[in-house]
Amino acid sequence: MFTLPRRLKIGPGLINSINTTFELNNINGKILLCSDDFVYKKYGIIVREQAKMHGEVLLFLIKENSIQQAIELSEQIISNDIEYVIGVGGGRVLDTCKYASHMTKRKFVSIPTIVSNDGVASPIAVLKHKSGRPKSLGSTMPYVIIIDTDIIIQSPIQYIHAGIGDTISNYTALFDWDYAEQNGKETKNDLAYLISQTAFDIMINSKLDRIDQNFIEILVQSLVLSGIAMEMAGTSRPCSGAEHLFSHAIDYYFTKNNLHGLQVALGTIIMAKLYDIEYKFLIDFLKKYNIKVSPLSLGITREEFKFCMEKAPEMRPDRYTFLNEVLFNKTYNFDILFDDLMSELE
Ligand SMILES: [Zn+2]
């Protein structure tokens, strides 16, 4: 059984009308506002002033997206009888809130200030273990999502680029899902498939030449649709294939600190080339917006690339992708592939 957000607001200037959204959704009670120090001073205060009209508001500043931090947040939620958790910030803040709200069964109001991946509206939170390695955790979708596109357009461009990259990855993720079904490994959820495909299509067909307010709205819609596709499927499968496994391997074995969306965009080009499906339109699209995803710009060496291609399927052995077939039949030369990527993406 899936749960979709009760309300989704996307548009300019919404940070100033949070009060109205709260009224319309009868949000009243004890509230815990979560943010990080920087975002709180910039946007959190604006939200806090409006939230105060709907109940007592406590503040929790999030320092890191770790499982430990989510446990501390859960403790605060339970011991203070919090009814609503509001998260204002980027993925680190929102994922911590998402998981803590899920564990404590509280309603979560999500107010993203960047959109660097499809976690904006997904049922998945990525939090770090004590070792520092990331772990994807199943969570509940936010109860209310408010995305102020004025805030997003003012956010650093690399986050917007990464958001675009995560949308592009639906292309090979869906190819992999088709392949898994054809080989009797899985049964697709057709509606989730359609939503993920639509998320990809609206982005790639946007035909907008520059990243402006209209473009941001489409990007946000695309990322939200991707999140909904995952919720409907009950798994990240509609938006995560071997291109994600490659990125997970990079994150697992090396510390690159690249944005997820940029790594999976590189992964998408890699897999499309290996799978021998059309990919030049993806490179043209990325270049149009000056999005750099070559191994060089992401600091991935030839040896690291080859190692992670081999290790990618081990990241999720239950997820069957066409890469399994490619590796099994050895129908590749990773040195040539790496050289091609360097020349095509630079
Ligand atoms: Zn992703």
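Gln50 sits in helix H2 (residues 37-51); helices here are DSSP runs of H or I with at least four residues, strands are E runs of at least two, and both are numbered from the N terminus. This is a predicted model, in which local features need pLDDT of at least 70, side-chain atom pairs count only at pLDDT 80 or more, and totals for chains, interfaces and linings use all residues. Residues are numbered from 1 along each chain as its sequence is written. The chain is divided into domain 1 (7-154) and domain 2 (157-345), with bounds that come from an automatic or database domain assignment.

- Gln50 is partly exposed, because 18 C-beta neighbours lie inside 10 Å. The scale counts other C-beta atoms within 10 Å of a residue's own, with C-beta atoms placed from the backbone: 20 or more is buried, 12 or fewer is exposed, and in between is partly exposed.
- Gln50 touches Ile18 and Asn19, not counting residues up to four places away in sequence. Contact means that the C-beta atoms of two residues, placed from the backbone, lie within 7 Å.
- Phe22 is 28 residues from Gln50 along the chain, and their C-alpha atoms are separated by 8.9 Å.

**Leu58 in S3**

- Leu58 belongs to strand S3 (residues 57-61).
- With 14 C-beta neighbours inside 10 Å, Leu58 is partly exposed.
- Leaving aside neighbours within four places in sequence, Leu58 is in contact with Leu32 and Asn80.
- Leu58 and Val120 are 62 residues apart in sequence, and 23 Å apart from C-alpha to C-alpha.

**Leu337 in H15**

- Helix H15 (residues 334-345) holds Leu337.
- Leu337 has 16 other C-beta atoms within 10 Å, so this residue is partly exposed.
- Its contacts, leaving aside neighbours within four places in sequence, are Ile270, Lys273, Leu274 and Tyr332.
- Lys306 lies 31 residues from Leu337 in sequence and 9.6 Å away in space, C-alpha to C-alpha.

**Nonpolar core**

- The largest nonpolar core has 104 residues. Such a core is a set of buried Ala, Val, Leu, Ile, Met, Phe, Trp, Tyr and Cys residues joined through C-beta atoms within 7 Å.
- Cys34, Val85, Ile86, Ala229 and Phe246 touch the most other members of this core.
- Helix H9 (residues 213-233) gives the most to this core, with 11 residues.
- Domain 1 and domain 2 each provide at least three residues of this core.
- Val85 touches Leu32, Cys34, Ile77, Cys97, Ala100, Ser101, Arg106 and Phe108, not counting residues up to four places away in sequence.
- In soluble globular proteins, nonpolar side chains tend to be buried together.

- The C-alpha centres of domain 1 and domain 2 are 27 Å apart.
- The contact takes 20 residues from domain 1 and 24 residues from domain 2.
- On the side of domain 1 that touches domain 2, strand S1 (7-11) and helix H5 (149-154) each supply at least two residues.
- H5 gives the most to that side of domain 1, with three residues.
- By class, that side of domain 1 has 14 nonpolar, four polar and two charged residues. Nonpolar covers Ala, Val, Leu, Ile, Met, Phe, Trp, Tyr, Cys and Pro; charged covers Asp, Glu, Lys and Arg; the others, Gly among them, are polar.

**H7 against H10**

- Helix H7 (residues 170-182) and helix H10 (residues 242-253) pack at an angle of about 115 degrees, with axes 7 Å apart. Axes are lines fitted to C-alpha atoms, for helices over the stretch in contact, and angles run from 0 to 180 degrees between N-to-C directions.
- H7 and H10 are therefore roughly perpendicular to each other. That class spans 65 to 115 degrees; under 35 is roughly parallel, over 145 roughly antiparallel, and the rest oblique.
- Thr172, Ala173 and Asp176 in H7 meet Ala242, Glu243 and His244 in H10.
- The residues of this contact divide into two nonpolar, two polar and two charged.

**Positive phi**

- Most residues other than glycine have a negative phi.
- Asn26 has a positive phi near 50 degrees. Asn26 lies in the loop between helix H1 (18-24) and strand S2 (31-35), and is exposed, with 8 other C-beta atoms within 10 Å.
- Asn257 has a positive phi of about 55 degrees. Asn257 is in the loop between H10 and helix H11 (260-275), and counts as exposed, with 7 C-beta neighbours inside 10 Å.
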